[in-house]
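This briefing is meant for a reader who is meeting the structure for the first time. Please look over the sequence and the model shown here, and then follow the notes below topic by topic.

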Amino acid sequence: QVQLVESGGGLVQPGGSLRLSCAASGSAFNIYDAAWYRQAPRNQRELVATISTGGNTAYINPVKGRFTISRNNSLNTMYLQMNSLKPEDTARYYCNARLRNDAYWGQGTQVTVSS
């Protein structure tokens with residue numbers, strides 16, 4: 001099993017930036033496909049960005065050009081660089097790692113974008 005711990009969330013003004021980190025432990029992180037999800041109150045959790053074991057990335061349209069997902073397997077860490085933040089980005093952000101039929105989640109980190 002892999003354990004995931006997110007960090008880096010906080011309160012930021014519209015147009016600001018945050019960098020989220022997901023630290024993995026307990027297993028070799030390089031064998032997992034990974035992703036960032038987010039969930040706002042009373043909303044379903046939605047996929048934000050994915051990164052494969054090979055480093056291929058994909059984004060949902062609302063964050064394209066503003067968010068960048070990356071991973072450093074040597075450090076067992078995944079990142080989400082968020083620029084030009086908007087109020088609609090406000091949500092709790094979760095780290096996800098997948099291997100075959102198994103999925104693992106972190107506890108989440110809150111991102112609030114408000115003036």
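Serine 115 has a relative accessibility of 85% and counts as exposed, because that value is over the 50% cut-off. Serine 115 belongs to the segment after S11, and although 102 residues separate serine 115 from glutamine 13 in sequence, their C-alpha atoms are 5.1 Å apart in space. The model is a predicted one, and the points below should be read with that in mind.

**Overall fold**

- The secondary structure of the chain consists of eleven strands and zero helices, so that the order of elements from the N terminus reads β-β-β-β-β-β-β-β-β-β-β.
- The C-alpha trace spans about 40 × 25 × 20 Å along its principal axes.
- Of the 115 residues in the chain, 42% are buried.

**The disulfide**

- The chain has one disulfide, which is formed by cysteine 22 and cysteine 95, with their sulfur atoms 1.9 Å apart.
- Cysteine 22 is in strand S3 (residues 18-25) and cysteine 95 is in strand S9 (residues 91-99), so the bond ties together parts of the chain that are 73 residues apart in sequence.
- The torsion about the S-S bond of cysteine 22 and cysteine 95 is about -75°, and the disulfide is therefore left-handed.
- Cysteine 22 has a relative accessible area of 0% and is buried, and cysteine 95 is likewise buried, with a relative accessible area of 0%.

**The nonpolar core**

- The largest nonpolar core contains 29 residues, and those with the most contacts inside it are Leu4, Trp36, Phe67, Met78, Leu80, Met82 and Tyr93.
- Several strands give two or more residues to this core, namely S3, S4, strand S5 (46-51), strand S7 (67-72), strand S8 (77-82), S9 and strand S11 (109-113).
- When residues up to four places away in sequence are not counted, tyrosine 93 touches a set of residues that includes Glu6, Leu20, Trp36, Arg38, Phe67, Leu80, Met82 and Val111.

**Aromatic rings and charges**

- The count of aromatic pairs comes to two, and one of them joins tyrosine 32 and tyrosine 104, whose ring centres are 6.1 Å apart and whose planes stand at 80°, so the pair is edge-to-face.
- This pair links distant parts of the chain, since tyrosine 32 is in the loop between S3 and strand S4 (33-39) while tyrosine 104 is in strand S10 (residues 102-105), and the two are 72 residues apart.
- Tyrosine 32 counts as buried at 3% relative accessibility, and tyrosine 104, with a relative accessible area of 18%, is buried because its value is under the cut-off of 20%.
- The charged end of arginine 45 sits over the ring of tryptophan 105, at 4.1 Å from the ring centre.
- Arginine 71 lies over the face of phenylalanine 29, where the distance to the ring centre is 4.5 Å.

**Two loop residues**

- Serine 52 is located in the loop between S5 and strand S6 (57-59), and with a relative accessible area of 19% serine 52 is buried, because the cut-off for that class is under 20%.
- Apart from neighbours within four places in sequence, serine 52 is in contact with Asp33 and Arg71.
- Isoleucine 31 is located in the loop between S3 and S4, and its relative accessible area of 42% makes isoleucine 31 partly exposed.
- Apart from neighbours within four places in sequence, isoleucine 31 is in contact with Thr53 and Leu99.
- Isoleucine 31 and alanine 103 are separated by 72 residues in sequence, and their C-alpha atoms are 13 Å apart in space.

Key:
Residues numbered from 1 in each chain as written. Predicted model: local features only at pLDDT ≥ 70, side-chain atom pairs only at ≥ 80, totals over all residues. Heavy atoms only, no water. Disulfide = S-S within 2.5 Å. Helix = DSSP H or I, 4+ residues; strand = E, 2+ residues; numbered from the N terminus. Buried < 20%, exposed > 50% of the residue type's maximum accessible area, 1.4 Å probe, protein only. Phe/Tyr/Trp six-rings, centres within 6.5 Å; stacked < 30°, edge-to-face > 60°. Lys NZ or Arg CZ within 6 Å of the ring centre and 35° of its normal. Core = buried A, V, L, I, M, F, W, Y, C linked by side-chain atoms within 4.5 Å. Contact = heavy atoms within 4.5 Å.
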